[in-house]
Amino acid sequence: MKQSIYSIVFFLIVSVTFSQTKEVMLKESFKVDANTTLNLDLENVAILFEESFDGKIHFDYSMTFGRYSKRKREMIKKQAKVKVVKKNDLITLNVKNSMFLEANYQSFISIDSLIFSVDGFVKSFKANKNQYKTKDSLVNEIKFSEGNNFRNFLKRNKNKYKKNTSFKNKKVIKKVFIIKVPQSVTIRLKALHSNLVFNYNIHKPIVAHTFKGHLKFKKIESVENEFFITNGVFEAEEITGGSYNFKDVSKTLIGSVSNSKISTETSKIEVGEISKNVKIKDFNSKFNFYNFSKSFKSFNLKGDYSKLHFFKNTDVYSLTANGNTTAFNINKQKFSFEPRKKGLDRFIMLEMKAPKNKQSYGHINLNITHGIIEIISNEKE
């Protein structure tokens with residue numbers, strides 16, 4: 001059947017059952033305690049982190065080759081440089097893979113052979129823009145995501161766009177890198193072009209500096225957490241404590257956040273639920289705030305050129321917006337404010353009080369210039 005010129009065929013493979021050769025790149029274990037720090041220096045690598053229950057850190061990195069000659073396997077293996085060293089209470093892992101290996105990983109992480117229409121993807125993406133989400137639905141989105149909206153669309157529609165395709169003559173490299181870490185270990189992370197999934201709750205501090213990568217967490221909980229994320233994707237089911245800096249991050253999904261300071265610049269952020277003691281400082285980012293917990297009390301955001309989207313639902317809150325040069329869209333009623341005097345004098349542009357017959361869960365304090373604020377009544381998914 002003739003396919004539309006707008007169709008793209010994706011050959012995404014998860015397994016090969018013929019001509020396989022497994023090569024072990026790293027397999028080591030180390031005893032650790034509450035004083036141990038795991039120092040990660042990573043480049044072009046995908047790693048799954050799981051919890052260890054035996055008081056040891058376990059490193060397990062392997063490649064499985066399908067239909068590659070021994071000479072080709074050796075050439076490819078040389079493009080993966082991996083070393084782990086333990087010195088006193090510090091364990092350092094260095095991984096420097098070539099861009100070829102990073103790109104190869106990205107080609108084979110999905111589930112099926114897929115074919116889909118570009119028009120269909122664009123329409124689906126636009127239809128979901130600014131749609132209300134519960135906290136639980138956003139958490140589930142994080143749990144089952146594969147990184148970006150494009151990949152997620154493919155995963156959700158794999159049955160609709162499936163095509164029977166033979167891969168019997170295709171060359172494949174399947175890489176598996178798993179690190180098992182006890183809860184007692186502190187993590188220091190520096191990563192470039194890396195896809196890192198932490199599949200356990202982390203209570204010890206993390207300090208992370210990443211560029212053009214994908215970070216995915218369950219619960220991270222420490223007042224000493226420090227994150228500096230540039231480009232890429234960040235996802236966390238729950239954040240409690242610490243400071244987070246996002247610059248040029250194309251996708252940030254946070255299920256719930258409390259007791260945290262967040263600094264953002266030219267990024268896109270979705271938050272399922274704001275809880276107590278959250279402060280945000282922003283320049284030119286886009287936010288969707290879906291829900292506020294019954295105990296949030298106060299939420300403070302200072303922004304310049306920020307685009308804020310709130311949902312006014314059954315949870316009751318009051319709101320004050322200070323600043324100037326800002327446009328509002330309140331349930332499709334649009335208005336804007338310009339500076340009343342020369343310069344950038346700030347004034348109260350909008351006040352929304354909670355109904356007298358309902359208990360207010362807290363107050364939203366916005367300090368905005370050159371911004372856009374939308375507040376709409378939510379509609380269930």
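Here are some friendly notes on this predicted model, point by point.

1. **Ground rules.** Numbering starts from 1 along each chain as its sequence is written, and side-chain values use heavy atoms, with hydrogens and water left out. Because the model is predicted, local features need a pLDDT of at least 70 and side-chain atom pairs count only at pLDDT 80 or more, while totals for chains, interfaces and linings use all residues.

2. **Confidence.** The average pLDDT (the predictor's confidence in each residue, from 0 to 100) is 82 for the protein, and 77% of the residues score at least 70. Residues 1-18 have a pLDDT below 50, although this stretch has 40 contacts beyond near neighbours in sequence in the model; a contact means heavy atoms within 4.5 Å. Residues 161-168 also fall below 50, with 19 contacts beyond near neighbours in sequence. Where pLDDT is low, the predicted coordinates should not be read in detail.

3. **Overall make-up.** The protein has five helices and 29 strands. These are DSSP runs numbered from the N terminus: H or I of at least four residues for helices, E of at least two for strands. Of the contacts with a separation of 6 or more, 56% link residues 24 or more positions apart.

4. **Surface and interior.** The protein exposes about 19,700 Å², and carbon and sulfur atoms supply 50% of that; the areas come from the Shrake-Rupley method with a 1.4 Å probe, and for residues only the protein chains shown count as cover.

5. **Helix α4.** Take a look at residues 135-143, where S137, L138, V139 and I142 are buried. The buried residues of α4 pack against four strands: β13 (214-221), β15 (233-240), β17 (251-258) and β19 (268-274).

6. **Strand β3 and its partners.** Five of the seven residues in β3 (37-43) are buried. This strand pairs in the parallel sense with β7 (90-97) over seven bridges; two strands pair if DSSP finds at least two bridges between them. Within that pairing, T37 has L90 as its bridge partner. β3 also pairs in the parallel sense with β10 (186-192), over seven bridges, and here N39 stands opposite R188.

7. **T186.** This residue lies in β10. T186 counts as buried because its relative accessible area is 9%. Setting aside neighbours within four places in sequence, T186 is in contact with T36, T37, L38, K204 and P205.

Key:
Buried means under 20% relative accessible area, exposed over 50%, partly exposed in between (1.4 Å probe, protein chains only).
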